[in-house]
Amino acid sequence: MLKYVLKRVGLALITLLIIVFLLFWLVRVMPGNPFPSERMNDIQIANKRAEMGLDDPVLVQFARYIIKALQGDFGNGTSLYYGVPINTVLSKAIGNSFRIGGIAIVIGTLIGLLLGITAALNRGKFLDGFCTVFSIIGVCVPSYVFLIFLQYNFAFRIPFFPYFFDPNRFVFSSVLPSLSLSLFTMSTIARFTRNEMVEVFDSDYVRLAESKGMYGRTLVLRHVLRNALIPIVTVLAPLVVDLLTGALVVEKIYGINGIGKLMVDAITGEGIDYNYVLALGILYSALYIGVMLAVDLLYGVLDPRIRVAAKGEEA
Amino acid sequence: MAKKNIQPAAAAAQSVYTPVPGDFELLHRRDIRTDANFASQSYWKGVFTHFFKNKRAVVGLIIITVIILLALFGPIMNSYDYKDIVQFRNEKNKRVVAKGIAPRIPGLHKLLTGEEYDDSFKDLTFLFGTDDLGRDLWTRTWYGARVSLAIAFITIFIDMIIGMSYGLISGYFGGLADNIMQRFVEIANSVPRLVIVSVLAIFMPKGMALVVVALLLTEWIGMSKIARAEMLKIKEQEYVLASRTLGARNSHIIFREILPNTIGPIITQVMFSIPTAIFTEAFLSFVGVGIVLPHCSVGTLIEDGFNNITTLPYQILPPIIVLALLMLGFNFIGDGLREALAPKLEDM
């Protein structure tokens, strides 16, 4: 098991390193140069380049960047937030995004599971139909549209919630963005739970358990839900990454200073900020690969068959 | 029982076994079913019957057909242009711009309320109203739908070709080639789509090309995985061996012998990729790196609507509804196809 874990972790790290190198290299070969040529002559530029280490091989520059990045130093912003160290801006943004995304994940997963289970237990009845319609709407409408709708109705027409995010009233003003973000998770989880549980209910081992006289909570929780949960974890993983990082438009609309908004600003803002794109790219890739890795490992915990198969691979 | 097997399909459909008094009594529970025997039919015919029996799939097909027709012919249904501002000179020879007019149909309005509109546009019909600049939203909505659909169809088609070839080749040759190709896919798959977009935005000017390239770079991976899985399933079959024995070249076996048999799952994947493409396009356009003026897409229309939501709240509704219906339609068709291609016993 340990060998399996180490192997996966190692692979993930190598993948991440390759991606970071590609990003770094792409940003380096980008057109443009850091020195305004009309104010400096060629010799001055050459000296400055040598001083900043821009003439070194890309690999050396990359190693330098990585070592600094591991210490939390991603350089300074160039266009937006000019001169401000990126890690101070970034850490604040991560805090905001993670909190709102985290609330959305918890709400979405819990309500989604509940909805899915109720729907599966009442197959073909009203609740099942409701769950289906709900999950269809949730999947078909982007979260920012929900936010626009909620913002218009409950912050503008009925001014109950703040129209924009207010860090001083964190809980109150994160209701609308969290809710709109959680709807997609909620509907996806609900639909998946329902379908998985229905499938497990029809399986031979549940029939056997049923025919041996098992019913009620024990049957649902221990035999059906536990087996239905395994595929749900795989669906949940990309959702988690999306919510932690992909709340781009939601953050932009609601004026939340999160990493999503930073990303949008870095791409579109006043000119494009190479340093931010690089730092955010690394952050996003690391999160994405990290969550995928976690799912891989969690899968082994949830499904004993995979653990056994991994052991067999080692032998 | 043997006699039943050779009955034609139509009769067989009704030939559900009916109990006779001498039999066991049927338990009247809905989840227990009696068997029915069907005559065999060709694979694709079966798929089609199954698909059209699925209510949801048919609804999806109708929705998509209607939207495509409207996207094609909607903009030419009235005299306005998608980028022109509706304006004219009134009786006093003053220029009037039809800015921010809520949806209206004069005849219907008179029928319902008994009174005419009393502004300068009293005879004009705006089914979806006009936007803050005075452009007709009906025309713009369907023009935007056309742009969004065109982007989705073109990119997904190219992605399908790339992904399919990649997956089939990787799966067919196996061994070292497969190993290298799959490592590449793994790495490509680990790069979040947003990171790709952000790096692209540095290289390319914003616009349709950016959206297309971003989608080209990301969407082929899913197709290649499915194509490879199908290839691994099929390549062990006897007919492939027979073809090889007869001296067929690898390219012939891959693209002429095996590809037609993998097409079903790939088309299903295409149906699920199209909404993703539309979603991504809408997102990029909303953020502002997508479609540029004077063109519009569903995404830019939603953004326009959002910018004017406090003053012209009706403006955001048409593009949102079109977007949601597109998602719904393609998802329904995809689900229907998947079920029709691999029917479970229970659905028979």
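**View 1. Confidence in the predicted model, chain by chain.** Chain B has a mean pLDDT of 79, and 83% of its residues reach 70 or more. pLDDT is the predictor's confidence in each residue, on a scale from 0 to 100. Residues 1-7 of chain B stay under 50. For that stretch the model has six contacts beyond four places in sequence. Two residues are in contact if their C-beta atoms, placed from the backbone, lie within 7 Å. Chain A averages 78, with 88% of the residues scoring at least 70. Within chain A, helix α8 (residues 175-201) has the highest confidence, at 85. Helix α14 (residues 304-314) of chain A has the lowest, at a mean of 59. For the complex, the predictor gives an ipTM of 0.77 and a pTM of 0.79. This is a predicted model, where local features need pLDDT of at least 70 and side-chain atom pairs count only at pLDDT 80 or more, while totals for chains, interfaces and linings use all residues. Residues are numbered from 1 along each chain as its sequence is written, and chains are lettered from A, and ligands numbered from 1, in the order in which they are written.

**View 2. The helices of chain A.** Chain A has 14 helices and zero strands. Helices (H or I, at least four residues) and strands (E, at least two) are DSSP runs, numbered from the N terminus. Of the 315 residues in chain A, 36% are buried. A residue is buried if 20 or more other C-beta atoms lie within 10 Å of its own, exposed if 12 or fewer, and partly exposed in between. Take the contacts in chain A between residues at least 6 apart in sequence: 73% join residues at least 24 apart.

**View 3. Where chain A touches chain B.** Here 33 residues of chain A are in contact with 29 residues of chain B. Helices α1, α5, α6, α11, α12 and α13 of chain A each supply at least two residues of this side of chain A. The largest share, eight residues, comes from α13(A). The side of chain A that touches chain B has 28 nonpolar residues, five polar and no charged. Ala, Val, Leu, Ile, Met, Phe, Trp, Tyr, Cys and Pro count as nonpolar, Asp, Glu, Lys and Arg as charged, and the others, Gly among them, as polar.

**View 4. Ile148(A) in helix α6 of chain A.** Ile148(A) counts as buried because it has 23 C-beta neighbours inside 10 Å. Leaving aside neighbours within four places in sequence, Ile148(A) is in contact with Ile253(A), Phe306(B), Ile309(B) and Ile316(B). Ile148(A) and Ile253(A) are 105 residues apart along the chain, yet their C-alpha atoms are separated by 7.7 Å.

**View 5. Two faces of helix α4 of chain B.** Ala57(B), Gly60(B), Ile64(B) and Ala71(B) are buried in α4(B). Seen down the helix axis, the buried residues of α4(B) fall within an arc of 60°, taken from the directions from the axis to the C-beta atoms, so they line one face. They pack against α3, α6 and α13 of chain B. On the other side of α4(B), exposed residues include Lys55(B), Ile62(B) and Phe73(B).

**View 6. Contacts of Leu280(A).** Leaving aside neighbours within four places in sequence, Leu280(A) is in contact with Ile259(A), Leu262(A), Met263(A), Ala266(A) and Ser198(B).
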